[in-house]
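Below is a short briefing on one protein chain. Please look at the sequence and the model before reading the points.

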Amino acid sequence: MTYIENILLCLAIPLILSLFFTKGRTRSFTLFLGIGMGVCLLSAYVSSFFMGCYGVGSVIAAIEITPVCEEVMKLLPLLFFLLIFEPEPKELPGAAIAIAAGFATFENVCYLTENGAENFTFLLIRGISAGALHILCGILSGFGISHVFRRRWLALTGTVGILGACTGLHAIYNLLITADGAWKTAGYLFPSALILCLYLAKRLLPKLNISFE
């Protein structure tokens, strides 16, 4: 049995202790990293609850339930940070990416604990697929929320649209990796490929006098 609560405690204590001796953006990133790990644990509980309610198997849950639960849970602390502390819009992408990185890290640690670490190739693929997927969704939600909340009339519908986009990408990924052959390969590769495209766009748009942030 994997005691994920104990794993979270082991990982979170060093992060919490480091907060006493850091400040500024370093402290913020570390804090949101820990929050992302906690969100991963909570989303596992929520997904399991809905799996039991609807009586579905793991494959159906991965396609229809898990993407919604995980993306909603990752978005909630970002919205809390935005609405309560009212940070500058440029601070939101870093917070969202840190939450996503913490989520992906804790998820991978739990996977390693349960399945072992002997298969390097598969773990590398998991890092550039499942791990990259959470980072991709963090990038989209962070930059997206920072953009739509600059226009109050767009805040509600924009947030729903961003959540829908992240959920859709997550569901597509989970659907593709349950297939065989080329579809599974496409599922493994598309999160990292999209991150690369976004990075290139981030570098190119300022040269065209278009702000990415």
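The lining of the largest cavity has nine nonpolar, two polar and two charged residues. Here Ala, Val, Leu, Ile, Met, Phe, Trp, Tyr, Cys and Pro count as nonpolar, Asp, Glu, Lys and Arg as charged, and the others, Gly among them, as polar. The model is predicted: local features need pLDDT of at least 70, side-chain atom pairs count only at pLDDT 80 or more, and totals for chains, interfaces and linings use all residues. Residues are numbered from 1 along each chain as its sequence is written, and side-chain values use heavy atoms, with hydrogens and water left out.

**Cavity**
- The lining of the largest cavity consists of 13 residues, and Glu71, Lys74, Leu75, Cys137 and Ser141 lie nearest its centre.
- A cavity is a set of points, on a 1 Å grid over the protein atoms alone, where a 1.4 Å probe fits but cannot get out; lining residues have an atom within 4 Å of a point.
- Helices H4 (66-85), H5 (92-115), H6 (120-148) and H7 (152-177) each supply at least two lining residues.
- H4 gives the most, with four residues.

**Fold**
- The chain has eight helices and zero strands.
- Helices (H or I, at least four residues) and strands (E, at least two) are DSSP runs, numbered from the N terminus.

**Ile13**
- Ile13 lies in helix H1 (residues 4-18).
- Ile13 is partly exposed, with a relative accessible area of 41%; buried means under 20%, exposed over 50%, and partly exposed in between (1.4 Å probe, protein chains only).
- Between the C-alpha atoms of Ile13 and His134 the distance is 23 Å, and the two are 121 residues apart in sequence.

Definitions and conventions
1 Å grid on protein atoms, 1.4 Å probe; cavity = no way out; pocket = protein on both sides within 12 Å on 5 of 7 lines; lining within 4 Å.
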